[in-house]
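Please keep the sequence and the 3D view open beside you as you read.

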Amino acid sequence: MARYTAAQAAALTGLPLAAVHKAIDSRLIRPLATRSGPTVRRLITKEQLIFLQLEAEGLRLLPLGTRREIAELLQRSPKIDRLPVGNGTALRLEIKPARRKLETGLKQLARMEEMVVSNPDIMRGALVFKGTRIPVDLVADMLAQGATPEEILEGYPALDPEKVAIAPLYMRAFPRRGRPGRRPWQGMKPRGRKVFQLSSLLAKA
């Protein structure tokens with residue numbers, strides 16, 4: 001059974017990462033806890049992702065007790081299309097749209113993983129787009145600093161619009177663990193006619 005990290009759940013559903021952790025801490029969902037050395041990872045099932053997708057679409061505005069009841073019903077009947085909201089009401093929660101949206105997000109996540117590789121012989125093992133030496137991290141940072149996709153594509157013709165678009169989402173789903181003192185690509189200049197001032201773009205706050 002596929003399971004997902006809290007960061008992946010946030011990227012897939014659009015929830016803030018803090019909201020995913022709050023849903024776990026409030027025991028709305030109960031992921032599997034696994035230990036890797038000193039680190040404990042909490043892994044979320046697909047059914048729990050559906051609940052988090054509903055949370056992102058407004059479910060978290062309801063009382064905690066109602067949300068917990070919906071989460072438990074979803075866990076017991078993961079294929080259900082409609083759920084009652086509250087006791088003695090005619091309101092029904094539509095599950096199908098959230099499930100379809102999540103399926104689209106899961107396909108995108110799989111596609112992103114296919115597009116990114118890590119090789120110790122390339123950029124010291126940094127995550128780069130397959131077939132290039134261009135770090136995903138670099139593209140995400142450049143977008144965050146205000147560079148447009150068109151500027152990045154002009155500077156890095158080995159990329160395409162899809163790769164540029166997925167960079168921030170990939171870094172959200174697979175965040176860096178800690179920050180190296182110096183990134184292996186620091187000081188690089190993009191290829192092409194336009195030159196970015198990478199020293200300022202990559203400067204850490």
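## The sheet

T34 stands opposite R41 in β3, and A33 has R42 as its bridge partner in that strand. A word on the ground rules: this is a predicted model, in which local features need pLDDT of at least 70 and side-chain atom pairs count only at pLDDT 80 or more, while totals for chains, interfaces and linings use all residues. Residues are numbered from 1 along each chain as its sequence is written, and side-chain values use heavy atoms, with hydrogens and water left out.

Helices (H or I, at least four residues) and strands (E, at least two) are DSSP runs, numbered from the N terminus. Two strands pair if DSSP finds at least two bridges between them. On that basis, three strands make an open, antiparallel sheet in the order β1-β3-β2. The edges are β1 (3–4) and β2 (32–36), each pairing on one side only. In general, strands of a sheet pair through backbone hydrogen bonds, either parallel or antiparallel.

The table sets out the two pairings.

| Pair | Sense | Bridges |
|---|---|---|
| β1 and β3 (residues 39–45) | antiparallel | two |
| β2 and β3 | antiparallel | five |

β2 and β3 form a hairpin with two residues between them, and G37 in the turn has a positive phi of about 65°.

Which residue in β3 is the bridge partner of R3? The partner is T45. Is T45 buried or exposed? T45 counts as buried because its relative accessibility is 5%; buried means under 20% relative accessible area, exposed over 50%, and partly exposed in between (1.4 Å probe, protein chains only). Contact here means heavy atoms within 4.5 Å. Leaving aside neighbours within four places in sequence, T45 is in contact with M1, A2 and R3.

Helix α3 (residues 46–56) lies across β1 and β3, running at about 80° to β3. Axes are lines fitted to C-alpha atoms, for helices over the stretch in contact, and angles run from 0 to 180 degrees between N-to-C directions.

## Helices and core

The axes of α1 (residues 6–13) and α8 (residues 161–173) come within 7 Å and cross at roughly 145°. There, A7, Q8, A10 and A11 in α1 meet L169, R172 and A173 in α8.

Helix α5 (residues 96–115) has 20 residues, so at 1.5 Å a residue it should span 28 Å; the expected span is 1.5 Å times one less than the number of residues. The end C-alpha atoms of α5 are 29 Å apart, which agrees. Its buried residues are A98, R99, L102, G105, L106, L109, M112 and M115. These pack against β1, α1, α3, β6 (116–118), β7 (127–129) and α8.

A nonpolar core is a set of buried Ala, Val, Leu, Ile, Met, Phe, Trp, Tyr and Cys residues joined through side-chain atoms within 4.5 Å. The largest one has 53 residues, and those with the most contacts inside it are V20, L49, F51 and L52. The elements that give two or more residues to this core are α1, α2 (17–25), α3, α4 (64–76), α5, α6 and α8. Leaving aside its neighbours within four places in sequence, V20 touches A6, A9, A10, L15, I44 and L52.

## An exposed glycine

G131 sits in the loop between β7 and α6 (136–144). G131 is exposed, with a relative accessible area of 79%. From G131 to L159 the C-alpha distance is 9.6 Å, although 28 residues separate them in sequence.
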